[in-house]
Amino acid sequence: MLIDDREFLADPHAAYARLRETGPVVPVRDPNGVEYWLITRYAEAKAALSDPRLSKDPRRAASGLAEGVFLPMVNSDPPDHTRLRRLVTTAFSARRVESLRPRIEQIADGLVDEFQHGATVDLIDAFAFPLPVLVICELLGVPPAHRAALRGWAARVLQVGDGDSPRARARRLAAYFTKLVAAKRPLVSGSAHAQPDLLSALICARDGEHRLSEDELVQLCVLLLIAGHETTTNLIGNAMLALLRHPEQLAALRADPGLLPAVVEEVLRHDGPLGRATLRVATEDITIAGTLVPAGAVVSVGLAAANRDGDRFTDADRLDIGRSDGKHLAFGHGIHFCLGAPLARLQGAVAIGTLLRRLPGLALDDRAAQWLPTGLARGLITLPARLN
Ligand code: HEM
């Protein structure tokens, strides 16, 4: 079956509904001629995400995938994946993430301080885009003077055809982090836990036991920036659009800010930042829901499709912040489950909470919000809002 991004752009959820009706595993061909198997239902998607016969290494594909950006950990399988994930998890601890809360609040407030009251603001450009990149810079210990440049290089890596290729941008980021590692190394000492920032902790882990190559260290920084940036921008943008379009749920949230974590989870399920971007490669012939997927074939796990599966979620197309049948797949599942989920959840809650607290009269501008021109990611390019 040929899938066309235009159908996804017009209404991705209608497109996914049609594909779910076609079957749990649908052979598709995109307009570039790339063929893959799309998993459309929740049960099969969850099983595929933890199936060791499905590899994350694009080089194992029979054709077509090796041209993308290759990143350590996210594109590796055990035992390499296990080694890298353990190292980063230790440095990227829940304590380190929670300790960022006051700085995230400060950054969010600082961005709102720049808004012109009474004017129209693009919530993506002025808030949802800069916030995550500034937070990752804070996490990694990027000096404040370098942050504006990094913000430009990290721009919209998933957006195809916009300026530099994703590879060129990833190379520029890698060159920057190589220099930053060299500058930080003389300052790093002692145990990984005592380090002031994540990059220093990773340098310490690398130098202490030689379990990380220099190239892996640099590529991990690039990975954190790429994986943690646009996804979080999309979460904040999608959440604000959903709330502004559902005034009764917005009112409930304003009345009880304790609902913020539930709002973040429901937006992740209902209109999460990733569409069908999560790829695997079959390392042997595999039968999924009665369909044979041959060795070397590319499998795309449709996270957005699975999260609207009516067999798993009651009234799945409805945004309902009071829902208790949670457990969406927006952060994936299994050994590659999003490493940054606690940081994304924290940023989502702080961002939405700050906008609602600071801007009591916030309303959608008449001009329509614009979506990214790709079915891989799900996010807004602009979200004009009036600051009444
Ligand atoms: C992995 C989604 C934010 C870092 C993943 C995966 C998903 C995901 C679905 C699994 C991919 C797969 O199984 O193929 C999201 C969403 C986010 C978000 C929806 C925001 C709402 C972040 C942040 C960071 C981050 C803020 C870090 C700063 C990572 C890393 C991996 C990953 C390093 C690879 C983990 C591994 O392969 O073991 N993310 N992510 N993500 N994410 Fe996130």
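Predicted model: local features only at pLDDT ≥ 70, side-chain atom pairs only at ≥ 80, totals over all residues.

Two packed helices are described by the angle between their axes and the distance between the axes.

Now the residues that meet. α12 contributes Leu235, Asn238, Ala239 and Ala242. On the α14 side they meet Val263, Val264, Val267, Leu268, His270 and Asp271. By type, the contact of α12 with α14 divides into seven nonpolar residues, two polar and one charged.

Thr232 lies in helix α12. Thr232 counts as buried because 27 other C-beta atoms lie within 10 Å, and the cut-off for buried is 20 or more. Leaving aside neighbours within four places in sequence, Thr232 is in contact with Pro132, Ala344 and Gln347. Ala341 is 109 residues away from Thr232 in sequence. In space the two are 9.8 Å apart, C-alpha to C-alpha.

α12 also matters for the count of the core. The largest nonpolar core has 111 residues, and Leu131 and Val299 touch the most other members. α12 supplies the largest share of this core, with 15 residues. In soluble globular proteins, nonpolar side chains tend to be buried together. Take Val299 and set aside neighbours within four places in sequence. Val299 is then in contact with Tyr36, Trp37, Ile39, Ala48, Leu54, Arg280, Ala282 and Val293.

Now follow the chain out of α14. Gly275 sits in the loop between α14 and β5, where β5 is residues 278–282. Gly275 is buried, with 25 other C-beta atoms within 10 Å. Not counting residues up to four places away in sequence, Gly275 touches Phe8, Pro12, Ala304, Gly375, Leu376, Ala377 and Arg378. Leu383 is 108 residues from Gly275 in sequence, and the C-alpha atoms of the two are 19 Å apart.

Ala289 has a positive phi of about 45° although it is not a glycine. With 15 C-beta neighbours inside 10 Å, Ala289 counts as partly exposed.

Met73 also has a positive phi, about 65°, and it is not a glycine either. Met73 lies in the loop between β3 and α4. Met73 is buried, with 22 other C-beta atoms within 10 Å. Pro79 is found in the loop between β3 (54–55) and α4 (80–91) as well. The peptide bond from Pro78 to Pro79 is cis, with omega near 5°.

For an exposed site, look at Pro143. Pro143 is in the loop between α8 (130–140) and α9 (147–153). Pro143 has 10 other C-beta atoms within 10 Å, and therefore counts as exposed, since the cut-off is 12 or fewer. Leu180 is 37 residues from Pro143 in sequence and 9.2 Å from it in space, C-alpha to C-alpha.

Trp371 lies in strand β10, residues 370–371. Trp371 is buried, with 21 other C-beta atoms within 10 Å. Trp371 and Leu9 are 362 residues apart in sequence, but their C-alpha atoms are 7.4 Å apart. Beyond neighbours within four places in sequence, Trp371 is in contact with Leu9, Leu380 and Ile381.

Finally, the whole chain. The protein chain has 16 helices and twelve strands. Among contacts between residues at least 6 apart in sequence, 70% join residues at least 24 apart. Buried residues make up 43% of the 388 residues. The C-alpha atoms fill a box of roughly 55 × 55 × 40 Å along the principal axes. The radius of gyration is 21 Å, which agrees with the value near 21 Å for a compact globule of 388 residues.

How values were computed: Residues numbered from 1 in each chain as written. Helix = DSSP H or I, 4+ residues; strand = E, 2+ residues; numbered from the N terminus. Rg over C-alpha atoms; globule rule 2.2 N^0.38 Å. Contact = placed C-beta atoms within 7 Å. Nonpolar A, V, L, I, M, F, W, Y, C, P; charged D, E, K, R; others polar. Core = buried A, V, L, I, M, F, W, Y, C linked by C-beta atoms within 7 Å.
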